[in-house]
Each structure stands twice: as structure tokens, then as C-alpha cells.
Amino acid sequence: MSCVDHVLVKRMRAEVGDRLAEQRRLDAASGVPPMSGEDERQFARALIAGVLEEHARTEITAGRAAAGAQEEEELASAVHAALFGVGRLQPLLDDPQIENIDINGCDRVFLSCADGREVLADAVADSDEELVELIQALAAYSGLSSRPFDTANPQLDVRLPDGSRLSAVMDVIIRPAVSIRRARLGKVFLSDLAGNGTISPAVASFLAAAAAARKNLMIAGATNAGKTTLLRAIVNEVPPGERLITVERALELGIDHFPDLHPNALAFEERLPTPRARAESPWPSWSAARCG
């Protein structure tokens, strides 16, 4: 279990965020081009190191022991994750043994591990309100456009930077709930699924023939049954010379991430209508087909 002082992380995040914002203002006033995303992350790491050094001096001056090297490294990672990642969720997403994360309120966190274990983990926020704020921040920067998560829009589906799918709900239940499904198999083929026993060789041959014959296929099943993985495998039967277009509620398939398999691929993501557009439109509210 983590022993990071999250109160300290929150304070350091605010300090680093203020200094980062001040640098942006100085650059804009001087006519300096804005930093790229990666440059900003590197600059933030330097700011975090400076804040940690100041904290260590303060602790020593007050007669307290300064943090050790490992504790400082954990603090630095936590502050960076709070600024650019997914806060306290980041260590869970970095753990390759964790397959799924279910959160029923900020302090009820259940992990499904690759070895079949179900584990109760530490809280991922100090309050449900802070958890909602974290999800709102993720919704603002994930996918192709910002997605609202509030009382008027209590349900959210987004794809995280690592390819995982996040679904969240608020207000229509007692406490906010979040489910994260990890994307373990990005480049997968029907032969892989037949080889590991997920499907039989006969089913693999049938699906490959159906894809080659351009037949319509419907994939359905329970949550976490492997629908997305199977769809990816079927799509990878399409020859690389063909143009592929996907339409998803939230970007998840990632077909366009593998140009060696599908060099001519486009991924469309549903854009939610604004309240004004919904009020003025004479048509019913249609949603893009959900893949998975």
C-alpha cells in the first residue's frame, strides 16, 4: 500500500502549478512560443525537484528528518501524476498486473488482477467531490473533444492515454462510480485467440472467412467478456490495402495506431451536442455506435 502523504502532494502540486502558470505568462509577455507538451513536462520535473529541495531544507531547519531518496522519488512521481496524469490512479494504471479497476466512491477501490485475485486498494481521492474533479479533468483532455461530466451529463465514457477505457457515473447513484478496463492486447489476431484457447480454430477460420467476404458481424457479450479484443482481431483480418473507418462513442479500438497493419485508417469519435444544439435540432438524439 502507498505511504505517500497526499496532503503534501496536493500542496506541492499547487506550488508547482502556480510556478508553471507564471512561466507561461512570462513566456507570453516576452513573445516566446509556448512550450510543447513534452517540454512542459520536463520543465515541471525541474520545478518539482526544486519544490522538494525547498521542503527538505524546511524540514531540516525545523529539526525534523528530511525524506529519504525513495520517499522523494515517490513524492515527485505523485506530484507529476497529479499535474499531468490521473492523480492517485496513476500507480494503478502503471501496474501491469492490474486488469480492471472499479471505484464505488473515492475510498472503495476494487482491483481485478491478472492472476485472478480481487484486491481492495487505497482511496484514490480524499473525497467524492475530489474524485469527480479528477474525472472532469480527464474528460476535458481525453479523446478528440472535451466531454462534460456534471449533473446535466451524469454518464461519461473516455479513452485514457494508455488506451484503457474509463466509464463514470455520478448523481444518479449515491456516490460517484468509475470503472476502468485495461487495454492489454492492442495488436491481436484471430490466430492469437485460437492459440490461447479463447476461441476454437474452427471459429477463428469462420470469422476470418466472414471478414474476407465483407459480411456484417455483430459482437455482443457481458462486461469484460473480450468484445473489443475480438473486434480488433477480426478487423486485423482486413488487408492493409483497404481503407478503414471506425465510428466510436469514445476512441478505444486504436486501429489507426498500427500503420503497419492499416496504413489508411480513420477514427471518428462521437461529439456530444451542446444544450443549444439539442434544443434547436428537429431530429432525435442519435449516438454513434459503441464498439465494446
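Helices (H or I, at least four residues) and strands (E, at least two) are DSSP runs, numbered from the N terminus. This is a predicted model, in which local features need pLDDT of at least 70, side-chain atom pairs count only at pLDDT 80 or more, and totals for chains, interfaces and linings use all residues. Residues are numbered from 1 along each chain as its sequence is written, and side-chain values use heavy atoms, with hydrogens and water left out.

**View 1. The chain as a whole.** Nine helices and eight strands make up the secondary structure. Of the 292 residues, 35% count as buried (under 20% relative accessible area; exposed is over 50%, partly exposed in between; 1.4 Å probe, protein chains only). Take the contacts (heavy atoms within 4.5 Å) with a separation of 6 or more: 49% of them come from residues 24 or more positions apart.

View 2. Helix 7 covers residues 201-212 and has 12 residues. From first C-alpha to last it reaches 16 Å, close to the expected 16 Å (1.5 Å times one less than its number of residues). A204, L207, A210 and A211 are buried in helix 7. Seen down the axis, the buried residues fall within an arc of 130 degrees, so they line one face of helix 7. The arc is that of the directions from the helix axis to the C-beta atoms. Helix 6 (190-195) and helix 8 (227-235) are among the elements covering the buried residues. The face turned away from the buried side carries the exposed P201, A202, F206 and A212.

View 3. R214 sits in the loop between helix 7 and helix 8. Its phi is near 60 degrees, a positive value in a residue other than glycine. Most residues other than glycine have a negative phi. R214 counts as exposed, at 64% relative accessibility.

**View 4. D171 in a strand-to-strand loop.** D171 lies in the loop between strand 5 (165-169) and strand 6 (177-181). Phi of D171 is positive, near 70 degrees. With a relative accessible area of 45%, D171 is partly exposed.

**View 5. Helix 1 packed on helix 3.** Helix 1 (residues 6-30) and helix 3 (residues 69-84) pack at about 60 degrees, with axes 9 Å apart. Axes are lines fitted to C-alpha atoms, for helices over the stretch in contact, and angles run from 0 to 180 degrees between N-to-C directions. Helix 1 and helix 3 are therefore oblique to each other: angles under 35 degrees count as roughly parallel, over 145 as roughly antiparallel, 65 to 115 as roughly perpendicular and the rest as oblique. Residues of helix 1 including L8, M12 and V16 meet residues of helix 3 including L75, V79 and L83.
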